[in-house]
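Hi,

Here is the structure I said I would pass on. Have a look first, and my notes follow below.

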Amino acid sequence: MKTLNPGLMQDFSLTIPSLLEHAATNHGGTEVVARLLDGTLFRYDYTQLADRTRQAAQALMNLGVKYGDVVGTLSWNNHWHMECFYAISGIGSVCHTINPRLFEDQIRYIINHANDKVLMIDQDFVGLVESLVDQLPNVETFVILGAKGCVPEPSKLPNVHYYEALIAQEPTGFEWPELDERSASGLCYTSGTTGNPKGVLYSHRSTVLHSMAIAQPDNLSLSATDCVMPAAPLYHAQSWGLPYAACMVGAKFILPGRQLDGPSLLSLIRDEGVTAVCGVPTIWTSVLEHAEKENLDLGKLQRLLIGGTALPTTMRDRFRDKGVAAVQIWGMTETSPLGTIGKPNRAVANMSDVDRDQQLLKQGRLPYGVQMKVVLEDGSTAPRDGASSGDIWVKGPWIASEYLHGDGGALVDADGFFPTGDVGHIDELGYMKITDRSKDVIKSGGEWISSIDIEDIAGRHPAVSMAAVVAAAHSKWDERPLLLVTLIEGQTLDSQEMLDFLEGKIAKWWMPDAVIVIDEMPMTATGKIRKLTLREAYWEHLS
Ligand code: ADP
């Protein structure tokens, strides 16, 4: 759009290197700490991070990486990966974070689909890449993240470099090229529970605006005095934007490596003075269990940002007992990921404790920058009445407009809203509540049953470790809910006991038709329950 009457303010591009340079200039001595594969800690500060990143940027350009090229990363949450984030995007190429927990076929598919030219790989993943290399015709160069000799030179990979050797001779004074803020900067594939994964292509502008948003007090509330530790992998929606927001605010930053078990995370929390963490609930359950078993406190931890699945009430309460506030965010790879956040507005702040707790179990309210509507089956927009459920659509400067290479077709509607695939409603106070993902919805006698609500309540039973509710085919009602649970070690549960526990807490017609104890929950590559597998396995259970 051409500006007819331009304002007289400077035209400052919102680019990713500007975040890094801000941190180096204004918070240069603030520490960044990374756990290495052998468990030891690597420590440096924003000045050194920026120096090494500029060296890496020059090294990538020497390798022939150009504006618009895609560079893949297969790496844990460590300082190498953080440097790659900034170096790759900073020279105008696209940082494609690959989820190593996907099936090999999917990894091969996304590397080829994205057209990765270079792969930056942790020592851990060299074997994986060697097994795929014959099917990766477009990858020209492989860079192993470590010093020369950290792993024996892989015989099957052509054109291999070691990161440390590659950057060592480069100048720290590299000047970032000027970039249009709308250029592509990062690429992350959704996990593709159905069909092939689809690529979400972020831009410099979307990334910087999203960082500004998440840092705000009513969102993740990040400050220079915080010590932030993302336990969401850097390959999962860019660790929820924290590597960028941490530089923006100048927070101390902890990268926990691949060790996301309770004892490792808790030792970092306590030893490094971590104040804010993020991740899916399963990770924090193991931290809690370890702290409770060993009778350890949570150090200076204040805030736990939970997303990816609903915040379990029991988790909120157990953390609260230890003085830590669990805050729920809702979002998806396609929303960068902040979509809504479960923080009080004025009306909610004034509620009784019980009502406020109840209200904040909803997925939350909208930050500036995200617009949302609920579309009913007849195509009309639902009123904000806290009851009219339908498909959730979102719009905003950090929301995807389409998938890479047009996969899935044109998705936004005439008003520019993107379909999330989630089902829910918005209440009078502007709080959205998800009842299900549309593919997990249980439709019994034409009415929707919320699996998320039943799972939360079942999860409060003292014997239950994880709970999942899925639909099974039913001759009379089309579908009926089944409750599948795994148990805490040493516990037993009979199904009547669980049904008695649910009695009075959920509507009678929501009562699961069967309660089934299983040994292990199938999990997705991003740490969520793989409901599709359960649904397929138990679809005929009531027939
Ligand atoms: P995938 O799970 O396919 O890897 P994402 O990580 O982008 O993809 O997941 C996004 C989905 O996760 C959302 O569409 C929603 O269904 C679910 N989700 C995210 N946050 C929450 C939350 N707070 N409560 C319930 N569901 C959530």
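Lysine 117 is found in strand β5, which covers residues 116-122. Bear in mind that this is a predicted model.

I started with that lysine. Is lysine 117 buried or exposed? Its relative accessibility is 17%, so lysine 117 counts as buried, the cut-off for buried being under 20%. Its side chain has a polar partner: the side chain of aspartate 69, at 3.0 Å. Setting aside neighbours within four places in sequence, lysine 117 is in contact with Gly64, Lys66, Asp69 and Val70, and also with Asn138, Val139, Glu140 and Thr141.

Now to the ligand. There are 17 residues around it, and the closest are Ser191, His236, Thr333, Asp422 and Lys528. By type, the shell splits into five nonpolar, nine polar and three charged residues. Domain 1 (16-321) and domain 2 (342-437) each provide at least three residues of that shell. As for strands, β14 (325-330) and β19 (432-437) each supply at least two, and β14 gives the most, with three residues.

A few polar distances to oxygen atoms of the ligand:

- threonine 333, through a backbone N or O atom: 2.6 Å
- lysine 528, through a side-chain N or O atom: 2.7 Å
- arginine 437, through a polar side-chain atom: 3.1 Å

Taken alone, the ligand exposes 570 Å², and the protein buries 94% of that.

Cheers

Note on methods
Residues numbered from 1 in each chain as written. Predicted model: local features only at pLDDT ≥ 70, side-chain atom pairs only at ≥ 80, totals over all residues. Heavy atoms only, no water. Helix = DSSP H or I, 4+ residues; strand = E, 2+ residues; numbered from the N terminus. Buried < 20%, exposed > 50% of the residue type's maximum accessible area, 1.4 Å probe, protein only. Polar contact = N/O pair within 3.5 Å; in protein donor to acceptor, adjacent residues only side chain to side chain. Contact = heavy atoms within 4.5 Å. Near = heavy atom within 4 Å. Areas by Shrake-Rupley, 256 points an atom, 1.4 Å probe, with all protein chains shown as cover. Nonpolar A, V, L, I, M, F, W, Y, C, P; charged D, E, K, R; others polar. Domains from an automatic or database assignment.
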